[in-house]
Amino acid sequence: MEKTKICRKGWMYSRTSWEPVMAAPQKENADQNFDYMFKLLIIGNSSVGKTSFLFRYADDSFTSAFVSTVGIDFKVKTVYKNDKRIKLQIWDTAGQERYRTITTAYYRGAMGFILMYDITNEESFGAVQDWSTQIKTYSWDNAQVILAGNKCDMEEERVVSVESGKLLAEQLGFEFFETSAKDNINVKQTFERLVDIICDKMSESLETDPAVTTGTQGNARLTDNPPPLQQPNCAC
């Protein structure tokens, strides 16, 4: 049975191509009031900061208390680009090996991945190649990936250099950011860039809404704020 990917209101896109196929009718409610929906996953070894990264982006909050994610969890955030409402369904995955069967099942349908390691943990950096292989195995060919070296606020404990991160990202064909959920460094920028490259891939693969994919209204950027309401013309 063919898996489906992006959803735009009543339309979804197939696993093997960007050709639209009709989705099941949906009830009209606030949760479905969007133009596009992107499913994103944050993956990587345990304790690299995936949950903190998600909470910083979705809720602008941070806690130093570490609680290991059990299985998988997600948050929803809505952003806007050129008056288009994009719903981001962001999944936070457990890094422990015992949950791997559960988490890889969620790779199907994901449009983008943030593959994260901890710059103070050499083992987490060494595992990036394995995580990359899992993406190739369990996701689809058009899934976009950003490599994120997290905890860059802990410079004194750094064991993975910026150059090493950039080199590995180049070898894997990924874009690269160093980030800090604690100090809110490059968190929003990482998500914004991931959404941008997903939109770029869409524009290359099918004739879709140019307002969201090609930025016909100038150099469009994502924003958390909805566009202002259009004022009606007044002849008074």
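This is a predicted model: local features need pLDDT of at least 70, side-chain atom pairs count only at pLDDT 80 or more; totals for chains, interfaces and linings use all residues.
User: Why is N45 called buried?
Analyst: N45 has a relative accessibility of 16%. Buried means under 20%, so N45 counts as buried. N45 lies in the loop between β4 (36-44) and α1 (50-59).

User: What makes the pair N45 and W131 a polar contact?
Analyst: The side chains of N45 and W131 are joined at 2.8 Å. The cut-off is within 3.5 Å for a pair of N or O atoms. The pair therefore counts as a polar contact. W131 belongs to helix α4 (residues 128-138) and is buried there.

User: How do you know that the buried residues of α4 line one face?
Analyst: The buried residues in α4 are V128, W131, S132, Q134 and I135. Seen down the axis of α4, they fall within an arc of 155 degrees, so they line one face of the helix. An α-helix has 3.6 residues a turn, so residues three or four places apart point the same way.

User: Which residues on the other side of α4 are exposed?
Analyst: D130 and K136 are exposed there. Exposed means over 50% relative accessible area.

User: Why does A127 count as buried?
Analyst: The relative accessibility of A127 is 12%. The limit is under 20%, so A127 counts as buried. A127 sits in the loop between α3 (122-126) and α4. Its C-alpha atom is separated by 9.8 Å from that of M116, 11 residues apart along the chain.

User: Why is no salt bridge assigned to D92?
Analyst: The nearest side chain of opposite charge, K50, is 5.5 Å away. A salt bridge needs a side-chain nitrogen of Lys or Arg within 4 Å of a carboxyl oxygen. K50 is among the buried residues of α1.

User: What makes the D92 and T51 pair a polar contact?
Analyst: The side chains of D92 and T51 are 2.5 Å apart. The limit is within 3.5 Å, so the pair counts as a polar contact.

User: How do you know that β8 and β9 pair?
Analyst: Strand β8 (residues 144-150) and strand β9 (residues 175-178) share four bridges, in the parallel sense. Pairing needs at least two bridges, so these strands pair. A148 stands opposite F177 in β9. The chain crosses from β8 through helix α5 (residues 162-172) to β9, and this β-α-β crossover is right-handed.

Key:
Residues are numbered from 1 along each chain as its sequence is written. Side-chain values use heavy atoms; hydrogens and water are left out. Buried means under 20% relative accessible area, exposed over 50%, partly exposed in between (1.4 Å probe, protein chains only). Lys and Arg count as positive and Asp and Glu as negative; His and the chain ends are not counted. A polar contact is a pair of N or O atoms within 3.5 Å; within protein, one must be able to donate a hydrogen and the other to accept it, and residues adjacent in sequence count only if both atoms are side-chain atoms. Helices (H or I, at least four residues) and strands (E, at least two) are DSSP runs, numbered from the N terminus. A crossover is right-handed if, with the strands pointing away from the viewer, the path from the first strand over the helix to the second runs clockwise. The arc is that of the directions from the helix axis to the C-beta atoms.
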